[in-house]
Amino acid sequence: MTAVWRWTGEGSFPCPIGGRIMTGKVKLNNGIEMPMEGFGVFQIPEEDCEEVVRNAISEGYRLIDTASSYQNEEAVGRAIRSCGVPREELFITTKAYIQQMGYENTKAAFEESLRKLGLEYLDLYLVHMPFGDYYGSWRAMEELYREGKIRAIGVCNFYPDRLLDLCYNVEIKPQINQIERHPHYQRKEDLELMDELGVQAQAWAPFAEGLKGMFDEPVLKKIAEKYGKTPAQIILRWNVQQGVIVIPKSVHRERMRENINIWDFELDEADMMRVAGLDKDCPSMLDTRKISEVRRVYDYLNNPVLTSL
């Protein structure tokens, strides 16, 4: 089947690889190309993660997203070294957590992540939460970027006010803002500001972990039936058609294959509007403006609770 990939921003088309379809790519504000779909490893235990990541790479994923707080960077690194795909064909992301904020702390955290991953450079390094001395961290990341140790730098979970403030006060603007984004929390204002600033949006947990009946939405089921796809595939396609990078996660190989098989169809405008009608304008997993959530994320390394919402 001919691949379909329509995105008005700069990027490249999917292409066949080993009988499968590689994802489309988008060009970041520094000229680096990044896959529009990747594989996340949040909550995948270290003992399982190596095999899971190898399987994902074999299914065609080239963007792998981890974080120091996930405590599986070493397993990701082993998978990278043993997968048989050249390093330059992979796009590896990791993140510095709240306790690693500050200039010196982030310099040390970067070196620790690089060691655990067994890499000579990172494709993308992110500030994981908008807390602590992330301005000091950003100075460290700018230096590492200029030294060629990181190809792109960015942030996670920055609401528009925090993102705009950061952009006003740094030398290098973020290339990425990774946010909770799914049909129940569509974040129109966030996307508009990111577009204005030239910051690429990336959606973590694009299915909201199935919370609040995401997969049971009648609208998604009906659209999925129309295209011969699943509700999950509709959600992913809806995101990428708006230029939002997605990083779904699954430990099951058949789900990996299903999630990456979104490049051979296109949602029409009416269906895009139907999905838009599902917006509750409310996060399902993380609200960094809510006191209970701030407490939760600060204590996450000791008590890894998924959400307080």
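The dialogue below takes these features in turn.

Mentor: Please keep in mind throughout that this is a predicted model.

Trainee: Let us begin with packing. At what angle do helix H7 and helix H8 pack?

Mentor: Angles of 65 to 115 degrees count as roughly perpendicular. Helix H7 (residues 218-227) and helix H8 (residues 231-241) meet at about 90 degrees, and their axes are 8 Å apart. H7 and H8 are therefore roughly perpendicular to each other.

Trainee: Which residues make the contact of H7 and H8?

Mentor: H7 contributes Leu 220, Lys 221, Ile 223, Ala 224 and Tyr 227, while H8 contributes Pro 231, Ile 234 and Ile 235. Sorted by class, the contact of H7 with H8 has seven nonpolar residues, one charged residue and no polar residues.

Trainee: Which residues touch the most other members of the largest nonpolar core?

Mentor: They are Met 34, Phe 39 and Val 41, in a core of 98 residues. H8 gives the most to this core, namely six residues. To see one member in detail, take Phe 39: beyond its neighbours within four places in sequence, Phe 39 has contacts that include Ile 44, Val 52, Tyr 61 and Leu 63, as well as Ile 247, Pro 248 and Met 256.

Trainee: What covers the buried residues of H2?

Mentor: The buried residues of helix H2 (residues 73-82) are Glu 73, Ala 75, Val 76, Gly 77, Ala 79 and Ile 80. Their cover includes helix H1 (46-58), strand S7 (63-65), strand S8 (91-96) and helix H3 (103-117). Just after H2, Gly 84 adopts a positive phi of about 85 degrees.

Trainee: How is a positive phi to be judged in other residues?

Mentor: Most residues other than glycine have a negative phi. Here Asn 157 has a phi near 65 degrees, and Lys 212 has one of about 55 degrees. Asn 157 sits in the loop between strand S10 (153-156) and helix H5 (160-169), whereas Lys 212 belongs to the loop between strand S12 (200-204) and H7.

Trainee: Which residues are in contact with Leu 278?

Mentor: Leu 278 lies in the loop between helix H10 (269-276) and H11, and is buried, with a relative accessible area of 10%. Apart from neighbours within four places in sequence, Leu 278 touches Pro 183, His 184, Gln 186, Glu 217, Val 219 and Leu 220. Leu 278 and Glu 217 are 61 residues apart in sequence, and their C-alpha atoms are 8.5 Å apart. Leu 220 also takes part in the contact of H7 with H8.

Notes. Residues numbered from 1 in each chain as written. Predicted model: local features only at pLDDT ≥ 70, side-chain atom pairs only at ≥ 80, totals over all residues. Heavy atoms only, no water. Axes fitted to C-alpha atoms, helices over the stretch in contact; angles between N-to-C directions. Helix = DSSP H or I, 4+ residues; strand = E, 2+ residues; numbered from the N terminus. Parallel < 35°, antiparallel > 145°, perpendicular 65-115°, else oblique. Contact = heavy atoms within 4.5 Å. Nonpolar A, V, L, I, M, F, W, Y, C, P; charged D, E, K, R; others polar. Core = buried A, V, L, I, M, F, W, Y, C linked by side-chain atoms within 4.5 Å. Buried < 20%, exposed > 50% of the residue type's maximum accessible area, 1.4 Å probe, protein only.
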